[in-house]
Amino acid sequence: MAQRDTRGLFGRRSAPTSSARTDIRLDSPKGMRTPFVRLSSGNDRMGRFSEAFARGMGTPWFLVGMSVFVTVWLVYNTVAPAEAQFDPRALNFTLLTLILSLQASYAAPMILLAQNRQDDRDRVQIEQDRQRAERNLADTEYLAREVVALRLAMKDVATKEFLRSELRALLDELDRRDDDNVAQAEAAAVDDLARNAREQ
């Protein structure tokens with residue numbers, strides 16, 4: 001491919017440009033530069049419309065309105081004068097049959113499209129639920145390991161009963177020492193008195 005000789009200001013040669021790169025806008029996100037995104041957004045718009053259409057057809061008001069429409073159509077084309085009828089009974093209501101067939105031919109694909117979108121949403125929801133369940137399972141296993149580690153660590157930690165028994169033993173030992181000191185002091189005092197009495 002031949003490169004164009006493009007000279008900018010001051011006669012300097014600028015970088016060669018291709019026609020494909022001139023169509024890319026740098027002020028738009030990278031995903032928006034491809035035409036497939038526009039196509040998918042159109043599909044998404046059509047999908048939302050089909051879901052709204054299927055949701056509307058699934059209501060009792062649609063059935064009531066459709067029944068009233070067909071009843072009025074049949075009664076009018078049966079009772080009205082022959083020159084006022086636009087879909088006469090003699091032709092077995094051909095126009096009404098065509099309208100209902102056209103409606104059914106458009107309704108079925110739209111309902112299928114709405115079901116496909118719902119299946120896609122359900123699939124994404126199931127995947128998210130599975131990932132959430134895996135995270136919860138991992139968290140539960142981690143907490144279980146931590147609890148086991150704490151229990152093992154608590155076996156080496158002194159309990160309240162152990163501390164009470166040790167303090168009680170220390171108090172008893174101190175009481176015995178106090179009693180021994182008092183007995184020694186009394187014996188020393190008696191010895192001093194006896195010595196003083198002998199000296200006198």
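**View A. Leu113 is partly exposed, with a relative accessible area of 32%.** Buried here means under 20% relative accessible area, exposed over 50%, and partly exposed in between, with a 1.4 Å probe and protein chains only. The model is predicted: local features need pLDDT of at least 70, side-chain atom pairs need pLDDT 80 or more, and totals for chains, interfaces and linings use all residues. Residues are numbered from 1 along each chain as its sequence is written, and side-chain values use heavy atoms, without hydrogens or water. Leu113 sits in helix α4. Helices (H or I, at least four residues) and strands (E, at least two) are DSSP runs, numbered from the N terminus. Leaving out residues up to four places away in sequence, Leu113 touches Met46, Gly47 and Ser50 (contact: heavy atoms within 4.5 Å). Leu113 and Phe49 are 64 residues apart in sequence, yet their C-alpha atoms lie 9.9 Å apart in space.

**View B. Helix α3 packs against helix α4 at an angle of about 160°.** Helix α3 spans residues 60-79 and helix α4 residues 94-155, with their axes 11 Å apart. That angle makes α3 roughly antiparallel to α4 (over 145 degrees; under 35 is roughly parallel, 65 to 115 roughly perpendicular, the rest oblique). Axes are fitted to C-alpha atoms over the stretch in contact, and angles run from 0 to 180 degrees between N-to-C directions. The crossing of α3 and α4 is right-handed (near helix turned clockwise from the far one by less than a right angle; anticlockwise is left-handed).

**View C. Side chains of α3 and α4 meet at the helix contact.** From α3 come Phe62, Met66, Phe69, Val70, Trp73 and Leu74. Helix α4 supplies Leu95, Leu96, Ile99, Leu100 and Gln103. By class, the contact of α3 with α4 has 10 nonpolar residues, one polar and no charged. Nonpolar covers Ala, Val, Leu, Ile, Met, Phe, Trp, Tyr, Cys and Pro; charged covers Asp, Glu, Lys and Arg; the others, Gly among them, are polar.

**View D. Trp73 and Phe86 form an edge-to-face aromatic pair.** Their ring centres are 4.9 Å apart, with 90° between the planes. Rings of Phe, Tyr and Trp (its six-membered ring) pair if their centres lie within 6.5 Å; planes under 30 degrees apart are stacked, over 60 edge-to-face, the rest tilted. Trp73 lies in helix α3 and Phe86 in the loop between α3 and α4, so the pair ties together parts 13 residues apart in sequence. Trp73 is buried at a relative accessible area of 10%. Phe86 is partly exposed at 47%. Phe69, Trp73, Tyr76 and Phe86 form one aromatic cluster. The structure holds three aromatic pairs.

**View E. Asn92 has a positive phi, near 60°, in a residue other than glycine.** Asn92 belongs to the loop between α3 and α4. Asn92 is exposed, at 61% relative accessibility. Phe93 is found in the loop between α3 and α4. Phi of Phe93 is also positive, near 50°. Phe93 is buried, at 15% relative accessibility.

**View F. The chain as a whole has five helices and zero strands.** From the N terminus on, its elements run α-α-α-α-α. Of its 200 residues, 9% count as buried. Among contacts with a separation of 6 or more, 42% join residues 24 or more positions apart.
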